[in-house]
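Please keep the sequence and the model in view while reading.

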Amino acid sequence: MRSYRELFRTPEYTPFFLSFATQNAALTISGLSLATLVYRATDSPLLSAVSMFGPQLAQMIGATFFLSGADRLPPRATLTGINTAFAGCTALLALPGLPIGAVFAVVFLQGLIASLGGGVSGGLLNEILPKKGFVLGRSVFNMASGLMQVTGFATGGALLALLSPRACLLLSAGLYVTTALLLRLGLSARPPRTAGRPSVAATWRTNALLWSARPRRLAFLGMWVPNGLIVGCESLYVPYDSGSAGTLFASAALGMFVGDLTLGRFVPPALRRRLDIPLRLLLAAPYLFFALRPGLPWAAIAVCVGSVGYGASLVLQERLMELTPDELAGHALGLRSAGMLTMQGVGAALAGTAAQLTSPATAMTLMATASAAVTGVLAVGARQDRLLTVSAGAS
């Protein structure tokens with residue numbers, strides 16, 4: 001499968017894609033609205049940031065305890081229920097007079113729910129598309145996610161200028177309801193991919209099984225760590241140059257879009273498999289340029305070029321699916337998503353600490369150096385695996 005026409009003619013892909021885009025719009029608008037509401041109530045930048053990114057930080061906890069449900073629950077009913085729950089939680093956040101403690105309890109609950117949704121969605125996409133169409137289909141989802149973030153933040157900002165944050169939260173709740181309807185009406189009922197009841201014990205057993213194979217470990221780490229460290233660089237755009245931060249974020253989104261488009265649509269599979277390490281190095285290398293404290297447009301060009309390297313995630317997801325039994329695909333993709341988001345939070349915390357002790361430009365350079373070093377170590381590990389495989393085959 002090499003064309004978008006073939007992709008969108010695949011049964012169920014179009015409604016699934018539309019539900020994904022609508023959910024991302026709801027997530028972006030609600031996050032911006034809630035952060036604004038919390039900041040106005042507390043005058044605390046820290047609480048405002050945590051309210052916006054708190055659900056991401058809770059995802060690893062959810063992945064630790066509940067991720068076995070990704071393959072042990074019927075996907076359509078589960079995704080419909082998740083988005084209905086999101087709608088209820090978002091409407092609850094819009095209640096006047098809701099205590100800040102209750103706000104963060106709801107945010108934490110949303111993160112736990114989201115940790116299951118990523119695995120169910122990833123596993124269902126793997127079922128809807130043929131094996132050869134997974135990368136192209138996933139690249140379209142990634143491009144949609146980036147575009148919805150840009151347009152969602154822009155739309156959310158415009159809405160907040162016209163409406164109150166609570167009204168915007170209610171609008172987001174309506175978008176979640178729309179997502180639930182798209183899923184319920186556009187997808188067919190499928191049985192769970194794996195027999196058995198979801199449980200904490202099952203989650204731990206599957207996590208241990210997925211982590212036990214060295215090639216899968218290298219794939220997970222390759223998707224989590226270099227990516228998270230570079231997101232730490234992105235978290236410093238505002239302190240680096242507050243007047244140009246919007247341009248830098250837009251440049252990063254453009255680079256990610258170009259990378260996903262190119263990898264998913266134009267690069268042959270045989271070549272794509274060899275590009276994960278060069279792409280991960282490309283992700284980090286342009287940020288070394290920030291040691292010179294470049295201004296616009298050079299900083300924007302560096303950010304755009306570097307973000308093309310995020311396409312390495314597509315290569316590694318494809319590899320992960322090749323290394324994972326179909327009945328565990330949802331769990332594996334959910335673990336990938338939860339670990340990636342957690343490492344992004346860790347990367348932002350490390351970058352912020354380094355910037356506090358040095359400067360934003362120095363911190364970005366250090367994070368980029370660390371990202372490239374991790375990629376180098378993982379590349380050595382992957383090469384050793386290949387040599388061992390060749391030796392075993394020869395013997």
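The structure is a predicted model, in which local features need pLDDT of at least 70 and side-chain atom pairs count only at pLDDT 80 or more, while totals for chains, interfaces and linings use all residues. Residues are numbered from 1 along each chain as its sequence is written, and side-chain values use heavy atoms, with hydrogens and water left out. Helices (H or I, at least four residues) and strands (E, at least two) are DSSP runs numbered from the N terminus. Residues are called buried under 20% relative accessible area, exposed over 50% and partly exposed in between (1.4 Å probe, protein chains only).

**Salt bridges**

- Eight salt bridges are found in a search of the whole structure; a salt bridge is a side-chain nitrogen of Lys or Arg within 4 Å of a carboxyl oxygen of Asp or Glu.
- One of them pairs Asp 71 with Arg 193, with 2.7 Å between the closest N and O atoms. This pair links distant parts of the chain, 122 residues apart: Asp 71 is in helix α5 (residues 69-72), and Arg 193 is in the loop between α9 (165-186) and α10 (200-212).
- Asp 71 is buried, at a relative accessible area of 1%, and Arg 193 is buried at 18%.
- Glu 127 and Arg 190 form another salt bridge, their closest N and O atoms lying 3.5 Å apart. Glu 127 belongs to helix α7 (residues 100-128) and Arg 190 to the loop between α9 and α10, so this pair ties together parts that are 63 residues apart in sequence.
- Glu 127 is partly exposed, with 32% relative accessibility, whereas Arg 190 is buried, with 18%.
- Arg 319 forms a salt bridge with Asp 276, and 3.3 Å separates the closest N and O atoms. Helix α17 (residues 312-323) holds Arg 319 and helix α15 (residues 276-288) holds Asp 276, so parts 43 residues apart in sequence are tied together.
- Arg 319 is partly exposed, at 25%, while Asp 276 is buried, at 5%.
- Salt bridges that share partners bring Glu 12, Asp 71, Glu 127, Arg 190 and Arg 193 into one network.

**Nonpolar surface patch**

- Ile 61, Phe 65, Phe 66, Phe 108, Val 200 and Trp 204 make a nonpolar surface patch of about 530 Å². Patches consist of residues with over 30% relative accessible area and no salt bridge, where like charges are joined within 9 Å and nonpolar side chains (Val, Leu, Ile, Met, Phe, Trp, Tyr) within 5 Å.
- At least two residues of the patch come from each of α4 (59-65) and α10.
- Phe 66 is in the loop between α4 and α5, and this residue is partly exposed, at 40%.

**Cavity and pocket**

- On a 1 Å grid over the protein atoms alone, a cavity is a set of points where a 1.4 Å probe fits but cannot get out; a pocket is an open set with protein on both sides within 12 Å along at least five of seven lines; lining residues have an atom within 4 Å of a point.
- The structure has one cavity of 30 Å³ or more, and the largest cavity holds about 60 Å³ of space.
- Residues lining the largest cavity include Met 223, Arg 280, Tyr 310 and Leu 316. Helix α11 (214-234), α15 and α17 each give two or more residues to this lining, and α11 gives the most, with four.
- The second largest pocket has a volume of about 480 Å³. It is lined by 21 residues, of which Pro 215, Arg 319, Ala 382, Asp 385 and Arg 386 are the closest to its centre.
- The elements giving two or more residues to the lining of this pocket are α11, α15, α17 and α19 (360-394); α19 contributes the most, with seven residues.

**Two helices**

- Helix α16 (residues 298-307) is largely enclosed by the rest of the structure, because seven of its ten residues are buried. Among these buried residues are Ala 299, Val 303 and Cys 304.
- Arg 205 is placed in helix α10 and is exposed, at 55%. Between Arg 205 and Val 120 there are 18 Å in space, C-alpha to C-alpha, and the two are 85 residues apart in sequence.

Terms used:
Accessible areas come from the Shrake-Rupley method with a 1.4 Å probe; for residues, only the protein chains shown count as cover. Grid points are joined across faces, edges and corners, and a volume is the space filled by probe spheres set on the points.
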